[in-house]
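Here is a short briefing for a first look at this structure. Please keep the sequence and the 3D view at hand while reading.

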Amino acid sequence: MVVEVDLKPLSIKGLKGKRPLIMAGPCSAESEEQVLITAREIAALGVPVYRAGIWKPRTRPNAFEGVGSVGLPWLQAVKKETGMLVSTEVANVKHVYEALKYGVDILWIGARTSANPFAVQEIADSLKGVKIPVFVKNPVNPDVDLWIGAIERINQAGIEEIAAIHRGFSSYDKTIYRNSPHWQVPIELRRRIPELPIITDPSHICGSRELIYDISQKAMDLNFDGLIIETHHQPDKAWSDAKQQLTPEGLGKVLDRLIMRDPDIDAELMLTLAELRDNIDKLDDKLINLVEQRMKVVENIGTYKKDNNITILQNKRWDDMLRSRLILGERKGLSEDFINKIFSAIHQESINKQTRIMNED
Ligand code: PEP
Ligand code: MN
């Protein structure tokens, strides 16, 4: 079912006037100097929108919670000096008033706020009669209806320029990502509100800068509309989210490497492919976790053998083991050669582990 919303296309132009819309800047504004140095370097790449968190929603208390309103004039200075539009997160009515007073161009609602309909409604009410683009991050939990609900609340307050920001979802399982992308959720959002621009936030999905390019490319392959990428002139010294921030130079490299495919030809195909790949990623994650668990058992066996003076390798055990795996594999349509290779590699690694344990003092 398609959702009824009253949207206008974004008036903000993307990189070189086209797709993708890039937003970049530090996780948090820290000082006037940090904000301005970073902004100059990002503006030199042609990025049209600067981001910087002024109020930071932190998971635990006593962490750095943002510089607060003193940082707003720094964003004004960025705007004046570089011509970039400036954006920040608002989580309550006071933030909205302050941000509007200082001429912030785009507001976004963070993942923890968009999960709370009371908070979103209050923000929406404070925006009545105001003309400003508002971007809505996905709620922390993978619930497309809750995301749509937040978008509808903002839209029903009369805001017509809205985009969704896909920043991944928290999960209890350990994965390589800080927040699992669950691509099927923004894909479902696109199906339900086709005209709504979707901007991916690879920084908060990845949690580490090495993974940013792949997630950015995937978002472009899905024909999403933009990227918001945390960028800091000295990322390792950042006061929040240090591991996931790029330098402006690193950002330039990611943007240069992005391949923009023809959306008309590729979009449908890429959606299906992305869902399939998502499944593969999840299964590989599980595979690695299983192998990790298996190696832990191997370590226990190694210690037990050492304590009881038993040799590492018992030939009969390995023959029996391989034979049973080959039978199981054949039933599942996996070739003898393949099973042989996989289990020989696993067995070899187990022996190496046990040898190390035997040689420990
Ligand atoms: C942020 O963009 O810095 C931020 C806090 O994001 P999120 O709400 O996605 O965690
Ligand atoms: Mn951040």
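Buried means under 20% relative accessible area, exposed means over 50%, and partly exposed lies in between, with a 1.4 Å probe and protein chains only. This is a predicted model, where local features need pLDDT of at least 70, side-chain atom pairs count only at pLDDT 80 or more, and totals for chains, interfaces and linings use all residues. Residues are numbered from 1 along each chain as its sequence is written, chains are lettered from A and ligands numbered from 1 in the order in which they are written, and side-chain values use heavy atoms, with hydrogens and water left out.

**Ser180**
- At 10% relative accessibility, Ser180 is classed as buried.
- Ser180 sits in the loop between β6 (162-166) and α7 (184-192). Helices (H or I, at least four residues) and strands (E, at least two) are DSSP runs, numbered from the N terminus.
- Setting aside residues up to four places away in sequence, Ser180 touches Gly168, Phe169, Ser171 and Thr175. Contact means heavy atoms within 4.5 Å.

**Leu10**
- Leu10 belongs to the segment before β1.
- Its relative accessible area is 18%, so Leu10 is buried.
- Beyond its neighbours within four places in sequence, Leu10 contacts Leu21, Phe135, Glu161, Ile162, Ala163 and Pro197.
- Leu10 and Lys253 are 243 residues apart along the chain, and their C-alpha atoms are separated by 26 Å.

- Cys27 lies in the loop between β1 (21-25) and α1 (32-43), and His204 in helix α8 (residues 202-206), so the pair ties together parts 177 residues apart in sequence.
- Both Cys27 and His204 are buried.

**Helix contact**
- In α3, Val93, Val96 and Tyr97 meet Glu122, Ile123 and Ser126 of α5.
- By class, this contact of α3 with α5 has 4 nonpolar, 1 polar and 1 charged residues. Ala, Val, Leu, Ile, Met, Phe, Trp, Tyr, Cys and Pro count as nonpolar, Asp, Glu, Lys and Arg as charged, and the others, Gly among them, as polar.

**Domains**
- The chain divides into domain 1 (12-262) and domain 2 (270-359). These bounds come from an automatic or database domain assignment.
- Their C-alpha centres lie 42 Å apart.
- The contact takes 10 residues from domain 1 and 11 residues from domain 2.
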